[in-house]
Amino acid sequence: MNYNTPMHDYTFELNKDFNFSAAHYIPDERAGKCSNVHGHTYHVNITIAGNELDDLGFLVNFGELKSLISGAFDHTLLNDHERFRDVPPTSETVAKTIYEMVTEYISGLNNNPVCLQVILRETPTSYVVYRPKKEMR
């Protein structure tokens, strides 16, 4: 799939698509059918940018990013995760959480890549883009 990415001045931009399967519910009757436990195969697109490559010639190891997210969430009930203790696991908050996890991981890399956005597709017809304002990156 092609997704729009934000304009930037970085030399490199990499995108990684992957998926994970998880269940969730929104603990409020206003959520309608989503107030019941149900599952999705979430499709994720992560956009990483930067100017420098690491010693292997990578901007970032996408296999490690995929493992980070899939390892945390695949085949789980998202509501059971500490990261969703105070906020329900809606598509919006899951996308933001993935962004935060990726940012935490890449902040330790010497070549200083940045996560520009996370796109999370919950169903074939609905997806969320989480793209923090530039000053938040």
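In what order do the five strands form the open sheet? I opened my notebook with this one, keeping in mind that the model is predicted. I read the order as β3-β1-β2-β4-β5, with mixed pairing. At the edges I found β3 (76-77) and β5, each of which pairs on one side only.

**Entry: helices on the sheet**
Next I looked up where the helices sit. I saw that α1 packs on the sheet and touches β1, β2 and β3. The direction of α1 makes about 15 degrees with that of β1. I then turned to α2, which lies across β1, β2, β4 and β5. Against β4, I noted that α2 runs at about 145 degrees.

**Entry: strand β4 and its partners**
Is β4 mostly covered or mostly open? I found this strand, residues 114-123, mostly covered, with nine of its 10 residues buried. On one side I looked at β2 (residues 38-50), which pairs with β4 in the antiparallel sense over seven bridges. For A49 I looked up the bridge partner in β4, and it is V114.

I then followed β4 to β5 (residues 126-130). These two strands also have a antiparallel pairing, over five bridges. A hairpin through two residues joins β4 to β5. As a handy landmark, I noted that V118 has Y130 as its bridge partner in β5. A reminder to myself: strands of a sheet pair through backbone hydrogen bonds, either parallel or antiparallel.

**Entry: the nonpolar core**
Which residues touch the most other members of the largest nonpolar core? I listed F20, I46, I48, I98 and V102, out of 27 residues in that core. I checked where the core residues come from: β1 (12-24), β2, α1 (62-73), α2 (91-106), β4 and β5 each supply at least two. The biggest giver is α2, with seven residues.

**Entry: a closer look at F20**
What is F20 in contact with, once its neighbours within four places in sequence are left aside? I wrote down H40, T41, Y42 and V44 among its contacts. I also found I69, S70, F73 and D74 in contact with F20. V94, I98 and L120 are on my list for F20 too. One of these, I98, had already turned up beside F20 in my core entry.

Conventions. Residues are numbered from 1 along each chain as its sequence is written. This is a predicted model: local features need pLDDT of at least 70, side-chain atom pairs count only at pLDDT 80 or more; totals for chains, interfaces and linings use all residues. Side-chain values use heavy atoms; hydrogens and water are left out. Buried means under 20% relative accessible area, exposed over 50%, partly exposed in between (1.4 Å probe, protein chains only). Helices (H or I, at least four residues) and strands (E, at least two) are DSSP runs, numbered from the N terminus. Two strands pair if DSSP finds at least two bridges between them. A nonpolar core is a set of buried Ala, Val, Leu, Ile, Met, Phe, Trp, Tyr and Cys residues joined through side-chain atoms within 4.5 Å. Contact means heavy atoms within 4.5 Å. Axes are lines fitted to C-alpha atoms, for helices over the stretch in contact, and angles run from 0 to 180 degrees between N-to-C directions.
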